[in-house]
Amino acid sequence: MQVETNSSSIIASAPATVSVLSASSTVIVVANVKRKGLVISNSHATQGVWIAFGVAAVLNTGILIPARTSFVMNEYTYNIGAVNGIAETGNTTVGVQEFTY
């Protein structure tokens, strides 16, 4: 089976960092109708980050990105809405790269 790809149709944003607060929900990426993919990397040694799509993030609900792991958007988690996050105990920084067409 041959899979055809058109790599010129996907554009990777410049990698960025976002400081995610523990006191309130933080916008990690804004809504984007051209989004085709997204990677959020939590490099903190011990603390996780909870994320939610299109609504405010709430601690201990939604999707957890554990310490030193990444969330990779795929066909099952695909969403063009804003992605919001909240850190478990103290503020933490996440790395972000978005892919658009």
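Me: How many salt bridges does the structure hold?
Reply: One salt bridge, meaning a side-chain nitrogen of Lys or Arg within 4 Å of a carboxyl oxygen of Asp or Glu. This is a predicted model, where local features need pLDDT of at least 70, side-chain atom pairs count only at pLDDT 80 or more, and totals for chains, interfaces and linings use all residues. Residues are numbered from 1 along each chain as its sequence is written, and side-chain values use heavy atoms, with hydrogens and water left out.
Me: Ok, which residue does Arg35 pair with?
Reply: Glu98, and the closest N and O atoms are 2.6 Å apart.
Me: Is Arg35 buried or exposed?
Reply: Buried, at 0% relative accessible area. Buried means under 20%, exposed over 50%, and partly exposed in between (1.4 Å probe, protein chains only). Glu98 is buried too, with 13%.
Me: Switching topic: how many aromatic pairs are there?
Reply: One. Rings of Phe, Tyr and Trp (its six-membered ring) pair if their centres lie within 6.5 Å; planes under 30 degrees apart are stacked, over 60 edge-to-face, and the rest tilted. Here Phe53 and Phe71 are tilted, 5.9 Å centre to centre with 50° between the planes.
Me: What does that pair tie together?
Reply: Parts 18 residues apart in sequence, because Phe53 lies in strand 5 (residues 49–53) and Phe71 in strand 7 (residues 69–72). Phe53 is partly exposed at 21%, while Phe71 is buried at 9%.

Conventions
Helices (H or I, at least four residues) and strands (E, at least two) are DSSP runs, numbered from the N terminus.
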